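Dear colleague,

Please find below the structure that I am handing over to you, together with its sequence.

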Amino acid sequence: MPVVTSQLDSRLHPPTLRARFVRLPDGKLRLEAPTVGLYRGEPRAGTLVAPDQPIGQLEILGVLHHLLAPAEAAGLVLRSDSRQNLPHPTRRPVGHGDLLVLLDPEAVTAGAVPGIGIGPGATGTSTAALVFRAPTAGRWYTRPGPGKPPLIEVGTVVEHGQAVGLIEVMKTFSRLHYGGEGLPARARVRAIVVKDEEDVAAGDTLFELERDD
């Protein structure tokens, strides 16, 4: 488990955990709690989830950890283990292996999953229709901290795993990394659609890309 080195570091770079992954006999994907804690910020039914993207937060002994989808997981949220009509955000206790999110991988198509894919009406050979989408609602930042240079600008070449921005949810920052099904291993930022510190909804286009083969 990551060690929090300072209060500032935990705010800008909070510790992360990855959900457990179980493929059910019917092909559905079960994302489970990796440990005991209080779960909040889960994606609602109908949300599209991408690999390595945030699916909520897990509070463990008062420390908030970002919870990421496993690298093998992508699909449409069918349901979670909570009542989604409760006031948001709702914390609920979970134990090791408890269901957090159930995904339908058959719902994934190019451009459909937030944070990955090709935009509507585009083809796999398009050089200008690749988009990177917000995995969750929150406030978008291209800078990792006040006074620091942006992680991306128009013309920046990004590669798989490279940090491209942050999403703030309830004063907690999630660092977003480039990559996912439908996106090339290397691409160039063509346009940044959302300005710094603007609020976004899950699935909103954050920036457009073109191939840099």
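Predicted model: local features only at pLDDT ≥ 70, side-chain atom pairs only at ≥ 80, totals over all residues.

How do the side chains of Arg40 and Glu59 meet? They form a salt bridge of 3.0 Å, taken from N to O; the term stands for a side-chain nitrogen of Lys or Arg within 4 Å of a carboxyl oxygen of Asp or Glu. The pair links distant parts of the chain, with Arg40 in strand 4 (residues 37–40) and Glu59 in strand 6 (residues 54–60), 19 residues apart.

Residues are numbered from 1 along each chain as its sequence is written, and side-chain values use heavy atoms, with hydrogens and water left out.

The chain as a whole

The protein chain has 1 helix and 18 strands. Both kinds of element are DSSP runs numbered from the N terminus, helices being H or I with at least four residues and strands being E with at least two. Of the 213 residues in the chain, 46% are buried. Here buried means under 20% relative accessible area, exposed means over 50%, and partly exposed lies in between, with a 1.4 Å probe and protein chains only. The accessible surface of the protein chain comes to about 10400 Å², and carbon and sulfur atoms account for 52% of that surface; the areas come from the Shrake-Rupley method with a 1.4 Å probe, and for residues only the protein chains shown count as cover. Among contacts (heavy atoms within 4.5 Å) between residues at least 6 apart in sequence, 64% join residues at least 24 apart.

Glu59 and its surroundings

The structure holds 11 salt bridges, and Glu59 takes part in the one with Arg40 described above. A further salt bridge, of 2.8 Å from N to O, joins the side chains of Glu59 and Arg91. That pair also links distant parts of the chain: Glu59 lies in strand 6, and Arg91 lies in the loop between strand 8 (75–80) and strand 9 (92–94), 32 residues away. The side chains of Glu59 and Arg91 are likewise joined by a polar contact of 2.8 Å. A polar contact is a pair of N or O atoms within 3.5 Å; within protein, one must be able to donate a hydrogen and the other to accept it, and residues adjacent in sequence count only if both atoms are side-chain atoms.

Why does Glu59 count as buried? Glu59 counts as buried because its relative accessibility is 17%. Arg40 is buried as well, whereas Arg91 is partly exposed, with a relative accessible area of 46%. Leaving aside residues up to four places away in sequence, Glu59 touches Gly37, Leu38, Arg40, Leu64 and Arg91. Glu59 and Gly37 are 22 residues apart in sequence, and their C-alpha atoms are 5.4 Å apart in space.

The salt-bridge network and its sheet

Glu159, Arg186, Arg188 and Asp212 are linked in a network of salt bridges. Within it, the side chains of Asp212 and Arg188 meet at 2.7 Å, N to O. Asp212 is in the segment after strand 18 (205–211) and Arg188 is in strand 16 (residues 186–192), 24 residues apart. Asp212 is buried, with a relative accessible area of 15%; Arg188, at 30%, counts as partly exposed.

Four strands form an open sheet in the order 11-18-16-13, with antiparallel pairing. Its edge strands are strand 11 (130–133) and strand 13 (157–159), each of which pairs on one side only. Two strands pair if DSSP finds at least two bridges between them. Strand 16 and strand 18 pair in the antiparallel sense over 5 bridges, and the bridge partner of Arg188 in strand 18 is Glu210.

Strand 2 (residues 20–23) and strand 3 (residues 29–32) run antiparallel and are joined by 4 bridges, with Phe21 opposite Leu31 in strand 3. Their hairpin has 5 residues between the strands, and Gly27 takes a positive phi near 95° there. Strand 3 also pairs with strand 10 (residues 99–104), in the antiparallel sense and over 4 bridges. In that pairing, Leu29 stands opposite Leu103 in strand 10.

With kind regards
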